[in-house]
Amino acid sequence: MIGLGFAMVNSASAEDYPKTTHEKAQQLQQPLPETAAKRAPTQAELTKANPDLKIDAVNEKFAKDFPRQYETWAKTADQTEFHREVEDDPRMIVMWGGYAFAKEFNSPRGHFYAVTDVRNILRTGAPKNANDGPQAMACWTCKGPDVPRLIAEWGEEGYFSGKWAKAGSEVVNSIGCADCHDTQSQEFKDGKPALRVARPHVLRALDTVGKTFATSDRTDQRAGVCANCHVEYYFDKSTGVNNVVFPWYKGRDVDSIEKYYDEIEFKDWEHSISKAPMLKAQHPDFEAWSMGTHGKNGVTCIDCHMAKKQDKDGKVFTDHQVVGNPVVDNFQNTCARCHDQSQETLVKTVAQHKADVREVMIKLEDQIVKAHFEAKAAWDAGATKEEMKDALQAIRHAQWRWDFAAASHGMHMHAPDVALKIIASGLDRAADARAKLAVILAKHGVQQPINYPDISTAEKAWKVMGIDIEKERKDKEEFIKTVIPEWNKEAIEKGLILTPPPTTPEK
């Protein structure tokens with residue numbers, strides 16, 4: 001009831017919330033909510049270039065007029081710590097075999113490093129020119145306000161075409177002001193939020209689930225701006241480019257998204273040893289939040305991670321530092337507004353949720369890893385595609401459920417009951433996969449249990465999976481040393497940035 005009351009307070013002022021800036025969604029050629037397509041867009045439906053839509057991508061330009069917000073946003077630079085997840089848990093290297101995530105996957109940190117981290121990660125490789133690989137242009141899509149600027153200038157087809165390196169000197173401002181605000185509007189100049197979603201594919205997705213941004217209340221708009229990035233998505237190639245699409249056409253839960261992917265026969269990649277058609281969950285935080293207690297009661301991402309605070313002069317404003325763990329770092333301004341438990345009690349509760357989810361998650365990982373190796377043994381023994389089809393589909397479904405729970409940042413906090421249910425269903429599908437594989441192995445005379453390789457360390461796992469990690473690191477080091485300075489120089493000459501993003505920040 002406390003949470004519901006909080007939501008009602010949030011929504012009470014929705015009628016007074018300025019709508020004019022949000023009606024600019026029409027500039028992005030979005031369908032009316034009643035005609036929103038229940039499918040991915042066609043090539044003809046991709047948004048065209050719109051020179052009338054202006055995006056101020058340089059975050060520093062707002063420091064003078066919005067000093068409190070800018071100063072707290074700049075503090076995201078203090079969030080330097082991250083964990084090298086695949087090195088902490090080498091099982092991931094096997095599960096992502098044949099996919100770039102097996103090379104490097106790190107926990108998230110401050111918005112200030114969005115551009116830096118996507119440049120530095122081994123997954124983006126070491127391209128030498130604008131047409132070099134390995135990743136698609138769409139991999140920039142969540143990284144900063146230069147993205148909606150480029151979509152407005154080039155149109156969606158122009159933006160989503162080509163390789164990632166094409167925009168190396170263009171996407172140079174990390175996640176900031178114009179990602180969430182209509183900085184050109186009078187409302188914004190008057191100090192009002194003027195929230196806006198400027199990415200057309202996000203507006204289409206919100207339409208699909210009945211959350212049309214232009215007509216949403218304040219609560220849904222506050223959550224909607226976070227859905228710019230903190231969501232599950234895939235690259236739809238049916239338009240001839242790598243168009244970003246949210247797979248919400250049957251629902252936002254793990255089963256509905258899986259059903260959609262299965263029906264369109266989509267796969268992110270084929271696993272290098274099991275040959276299973278795999279799915280990679282991105283970061284379905286919006287989906288997890290909406291299924292949890294806070295989401296159901298209208299407590300948004302902003303309420304907890306960007307809570308109101310008061311400066312030394314008594315001015316109340318939104319803290320843009322984006323606190324990662326409000327229970328620990330900002331208890332009085334967040335949890336204490338609704339909960340009467342002590343901070344110590346809630347810290348212990350959240351820690352227990354995290355431990356419970358982690359415990360069963362590791363069990364699921366162990367089962368999936370074994371299934372991948374057992375599938376390889378079956379192929380090596382001469383199994384046919386027809387024999388393997390159902391087992392591989394079960395591997396796909398098991399790992400999709402693990403990844404959905406693992407990739408959603410803080411699902412143990414946002415929806416711990418949902419996380420445990422998803423993982424449990426993943427264990428069921430992993431058991432089904434291994435049972436089917438056991439029959440196939442027996443049929444082909446393979447003695448069981450098979451000999452599983454030693455993957456106890458990342459180095460051993462990379463070797464087993466055929467990844468030359470030292471070469472990957474050497475190539476990336478050369479890329480950071482030679483290519484990135486040229487990108488920064490060009491961006492400065494164009495006036496796109498005042499100062500370049502950090503190259504190799506403290507880790």
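Which residue forms a salt bridge with Arg401, and how far apart are the closest N and O atoms?

1. **Basis.** This is a predicted model. A search of the whole structure finds 37 salt bridges. Side chains of opposite charge can pair when their charged atoms come close.

2. **Arg401 and Glu258.** The partner of Arg401 is Glu258, with the closest N and O atoms 2.2 Å apart. Arg401 sits in helix H17 (residues 385–407) and Glu258 in helix H11 (residues 254–263), so the pair ties together parts that are 143 residues apart in sequence. Both ends are buried: Arg401 has a relative accessible area of 0%, and Glu258 has 7%. The cut-off for buried is under 20%.

3. **Lys443 and Glu387.** Lys443 forms a salt bridge with Glu387, and their closest N and O atoms are 2.6 Å apart. Lys443 belongs to helix H19 (residues 416–443) and Glu387 to H17, so this pair links parts 56 residues apart in sequence. Lys443 is exposed, at 62% relative accessibility.

4. **Lys267 and Glu270.** The side chains of these two residues meet in a salt bridge, with an N to O distance of 3.8 Å. The cut-off is within 4 Å. Lys267 is partly exposed, with a relative accessible area of 40%. Glu270 is partly exposed as well, at 43%.

5. **Cis peptide bonds.** Most residues other than glycine have a negative phi, and most peptide bonds are trans. Gly133 and Pro134 are joined by a cis peptide bond, with omega about 5°. Pro134 is in the loop between helix H5 (114–120) and helix H6 (146–160). A cis bond also joins Gln448 and Pro449, with omega about 0°. Pro449 is placed in the loop between H19 and helix H20 (458–464).

6. **Positive phi at Ala194.** Ala194 is not a glycine, yet its phi is positive, about 45°. The residue lies in the loop between helix H8 (186–189) and helix H9 (200–208). Is Ala194 buried or exposed? At 1% relative accessibility, Ala194 is buried.

7. **Positive phi at Glu265.** Glu265 has a phi near 55°, again a positive value in a residue other than glycine. Its place is the loop between H11 and strand S3 (269–270). Glu265 counts as exposed, at 72% relative accessibility.

8. **The second largest pocket.** This pocket has a volume of about 460 Å³. There are 16 lining residues, and the closest to the pocket centre are Lys275, Pro277, Lys389, Leu392 and Gln393. H11 and H17 are the elements that give two or more residues to the lining. The largest share comes from H17, with 7 residues. By type, the lining has 6 nonpolar residues, 1 polar and 9 charged.

9. **Where to look.** H17 carries Arg401 and H11 carries Glu258. Both helices also contribute to the lining of the second largest pocket.

Technical notes. Residues are numbered from 1 along each chain as its sequence is written. This is a predicted model: local features need pLDDT of at least 70, side-chain atom pairs count only at pLDDT 80 or more; totals for chains, interfaces and linings use all residues. Side-chain values use heavy atoms; hydrogens and water are left out. Helices (H or I, at least four residues) and strands (E, at least two) are DSSP runs, numbered from the N terminus. Buried means under 20% relative accessible area, exposed over 50%, partly exposed in between (1.4 Å probe, protein chains only). On a 1 Å grid over the protein atoms alone, a cavity is a set of points where a 1.4 Å probe fits but cannot get out, and a pocket is an open set with protein on both sides within 12 Å along at least five of seven lines; lining residues have an atom within 4 Å of a point. Grid points are joined across faces, edges and corners, and a volume is the space filled by probe spheres set on the points. Ala, Val, Leu, Ile, Met, Phe, Trp, Tyr, Cys and Pro count as nonpolar, Asp, Glu, Lys and Arg as charged, and the others, Gly among them, as polar.
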